[in-house]
Amino acid sequence: FASVLLPKGVARVRIPIRIPTDRAPIAPIGIDVSTDGDRPVRTLVYGEWNDLDVPLREADPMIGVRRVNLRVERTWQPALYVPGSTEMRHVGIQVGEYEIIQTR
């Protein structure tokens, strides 16, 4: 799981995401993207950087920040798939710096 926290006035945000490998057994990985309690939307993530374009609906004025939730369907261990790697941590996707596209 990961969350991207945004200022409350954001209406649309672009979030770069990728899997840090393009190995066939790993890529693509499905992720569920949700905002403000809405139903999650499934999207596929690949080995190259892609922009996730996320619209946000009007928020309650009492809310101080907005949150985009990302849930990875599965994790993987680099040492099992990347030659020469000894990294046994469970990893999912990489998330880059977001870019605000539209504000209210």
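A residue is called buried under 20% relative accessible area, exposed over 50% and partly exposed in between, with a 1.4 Å probe and protein chains only. The model is predicted: local features need pLDDT of at least 70, side-chain atom pairs count only at pLDDT 80 or more, and totals for chains, interfaces and linings use all residues. Residues are numbered from 1 along each chain as its sequence is written, and side-chain values use heavy atoms, leaving out hydrogens and water.

| Residue | Relative accessibility | Class |
|---|---|---|
| Leu80 | 55% | exposed |
| Tyr81 | 34% | partly exposed |
| Asp32 | 13% | buried |
| Trp76 | 4% | buried |

Asp32 lies in strand β3 (strands are DSSP runs of E, at least two residues, and helices runs of H or I, at least four, numbered from the N terminus). Its side chain has a polar contact of 2.8 Å with that of Arg42 and one of 2.6 Å with that of Arg71. A polar contact is a pair of N or O atoms within 3.5 Å; within protein, one must be able to donate a hydrogen and the other to accept it, and residues adjacent in sequence count only if both atoms are side-chain atoms.

Leu80 is part of helix α1, residues 78-81. The structure has one aromatic pair. Trp76 and Tyr81 form this edge-to-face pair, at 6.4 Å centre to centre with 75 degrees between the planes. Rings of Phe, Tyr and Trp (its six-membered ring) pair if their centres lie within 6.5 Å; planes under 30 degrees apart count as stacked, over 60 as edge-to-face and the rest as tilted.

The peptide bond from Ala27 to Pro28 is cis, with omega near -5 degrees.
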